[in-house]
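Here is a short briefing to read alongside your structure.

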Amino acid sequence: MRRRAALLRTALLRTARLRTALPRAAGLARRATPLFAALLLAGCGSLAVGPDYHVPDEAAVRDPAAAGPFQEAQAQAQSATPGADAALSAEPLPPRWWHLFRDPTLDALVQEALAHNTDLRVAAANLELQNATLAQVRAAEQPQLSVFGGPGFGHVSGLSELAPGLSPSNQFAYRLEGGLSYQIDVVGELRRAAEAAQADSAAAAAAVGLARVNVAAGTARAYAMACATGQQLKVAESSVALQKEQLGVVQRLHDAGRAGATDLARSRGLLAQLEASPPALRAQRQAALYQLAAWLGRTPGALPAAVQQCAAVPQVAGALPVGDGAALLRRRPDLRRSERQLAAATARIGVATAQLYPKVSLGLSASSAGPASDFLGRDTFAWNLGPLIRWSLPNTGAVRARIAGAEASTRMALASFDGTVLQALRETETALSAYRQELVSVEALQRARDDSAQVAGQAQRLYVSGRSAYLDTLDAQRSLATAEANLAAAQARVAQEQVAVFMALGGGWE
């Protein structure tokens, strides 16, 4: 009985102490509220370690020459003869540049490629991944709630000290815990992390635009190549057919005794040379069709018959609208991606710098634990409110090494950004130069083809009338076949160079 009475007195004493401590804890919480509010306001202020991002003044994109007119456009204006058609125009490039070809088949192919191309799907999925990462980073800025609880069976320890010889009884018990924590962004670590994640997401979005540019250009290039080789194949087959007719003429003259065996052998030899071209062209056309099917996300051979039988090179009539350097720098998605990567690297300097400062978290926790018979009773509750400060003071050397690494990454990103700008300007000027010079070559080849056709016709008539040797006719026919093949190849290159210009300009990114 005495032991039980002592145990009861101890329990009553602890209950009294708990009742006395609760008002003290509440008063402490009230006195701590202004401190917590000050910390919270500090976290919501404008303080953020690390540099604020802006495009550096020494960046290549800020060079006035980069935003000026293209050199090739100026060279065209200076060298153009009065009344001559211009190859380039300062008009802005339309987003859907493939409509300039005025080819409904090409329009449909590009739209299908933009909807089903696998590279574009990969870029879109990567953008979703970056957006999810951004959401995770932003979630760290919000309060974090945790809940834990569960039942149990057993007995508490320590009663033997209070009541020697007393054996505690086993019973069912429970425990419930809940916590609410919020990291106060005192030095802007979370803000800088969010800036970096947002810049990464914007870079991924620009990568989607770059994929659109590549898909549109690749589809148009493959289609143009298929049509161009179809046109070259048509020219080659026409040359073969004409030579077969010529061989028939020589055969009749030989049978009539007006042509020798040498002339007949030369005619057969030229026909064999011409017959060797179509197989190679058919292989090139099939390769272009297979490439086109890949751009469309189709299996090889799953193309409409109209595409497989295309034999007319799509070309833009008139001058190409190319704009100027300023429009190029705004449009090219790879420049946007590189610039956003520079912004992300700059923000990560602040993330690394924030490791030099303590982290402050405001936490509130509450718990209830006791026997199941006293579930959620008043004497089973406990709570705690206070800040948690973490600071790894002794290991600042590793933090400063991370800061140095982040600064080096930023310098590397700036160099990459400058290189991307210079590469964009180089690619554009190169494509414009190649296109202008290819047009000059086409004009010369057209004159050569016309002259060769006239000479071949005259040589044929002179040979039939017996006024010239067959060797002259053979040379004229060989020259005509070569001129027609060269013209067809040059026209194919014109279409390819037009697509290259649109791709260099960043066309297709909206």
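A residue counts as buried when its relative accessible area is under 20%, as exposed when over 50%, and as partly exposed in between. With that in hand, W97 and F101 are both buried. Please keep in mind that this is a predicted model.

**Aromatic rings**

- The whole structure holds 4 aromatic pairs.
- W97 and F101 form an edge-to-face pair, because their ring centres are 6.4 Å apart and their planes stand at 65°, over the 60 degrees that this class needs.
- How are the rings of W97 and F502 arranged, stacked or edge-to-face? Their centres are 4.9 Å apart and their planes lie at 25°, so this pair is stacked.
- The W97–F502 pair ties together parts that are 405 residues apart in sequence, because W97 sits in the loop between β1 (88-89) and α3 (104-116) while F502 belongs to helix α13 (residues 470-504).
- W97 has a relative accessible area of 0%, so it is buried.
- F502 also counts as buried, with 0% relative accessibility.
- Ring pairs join W97, W98, F101 and F502 into a cluster.

**The disulfide**

- The count of disulfides comes to 1.
- Its partners are C227 and C310, whose sulfur atoms are 2.0 Å apart.
- The link between C227 and C310 is right-handed, with 110° about the S-S bond.
- Which parts of the chain does this pair link? C227 is in helix α6 (residues 189-255), and C310 is in the loop between α9 (305-308) and β4 (320-321), so the link spans distant parts of the chain that are 83 residues apart.
- C227 has 0% relative accessibility, which puts it in the buried class.
- C310 is buried as well, at 12% relative accessibility.

**A buried glutamine**

- Q76 is found in helix α2 (residues 71-79).
- Is Q76 buried or exposed? Its relative accessible area is 12%, so Q76 is buried.
- The Q76 side chain reaches the backbone nitrogen of L88 at a distance of 2.7 Å.
- Setting aside neighbours within four places in sequence, the contacts of Q76 are A86, A87, L88 and R436.

**Salt bridges**

- Side chains of opposite charge can pair when their charged atoms come close.
- Across the whole structure there are 15 salt bridges.
- One of them joins E112 and R298, with the closest N and O atoms 2.6 Å apart.
- This pair connects distant parts of the chain, 186 residues apart: E112 is in helix α3, and R298 is in the loop between α8 (277-296) and α9.
- R298 is partly exposed, at 31% relative accessibility.
- R336 pairs with E339, their closest N and O atoms being 3.5 Å apart.
- R336 and E339 are separated by about one helical turn, because they are 3 residues apart in helix α11 (residues 333-353).
- R336 is partly exposed, with a relative accessible area of 39%, whereas E339 counts as buried at 10% relative accessibility.
- E339 also forms a salt bridge with R340, where the closest N and O atoms are 2.9 Å apart.
- Both E339 and R340 are buried.
- Elsewhere, salt bridges with shared partners join D52, R192 and E195 into one network.

**Nonpolar cores**

- How many residues does the largest nonpolar core have? That core has 63 residues, and those with the most contacts inside it are W97, Y223, L292, L320, V322 and V501.
- At least two residues of this core come from each of α3, α4 (118-139), α6, α8, α10 (325-331), α11, α12 (396-464) and α13.
- Not counting residues up to four places away in sequence, V322 touches F70, L88, S89, E91, L432, V501 and L505.
- Another core, of 13 residues, lies apart from the largest one, and A259, L270, L274 and L474 are among its members.

Terms used
Residues numbered from 1 in each chain as written. Predicted model: local features only at pLDDT ≥ 70, side-chain atom pairs only at ≥ 80, totals over all residues. Heavy atoms only, no water. Phe/Tyr/Trp six-rings, centres within 6.5 Å; stacked < 30°, edge-to-face > 60°. Buried < 20%, exposed > 50% of the residue type's maximum accessible area, 1.4 Å probe, protein only. Helix = DSSP H or I, 4+ residues; strand = E, 2+ residues; numbered from the N terminus. Disulfide = S-S within 2.5 Å. Polar contact = N/O pair within 3.5 Å; in protein donor to acceptor, adjacent residues only side chain to side chain. Contact = heavy atoms within 4.5 Å. Salt bridge = Lys/Arg side-chain N within 4 Å of Asp/Glu carboxyl O. Core = buried A, V, L, I, M, F, W, Y, C linked by side-chain atoms within 4.5 Å.
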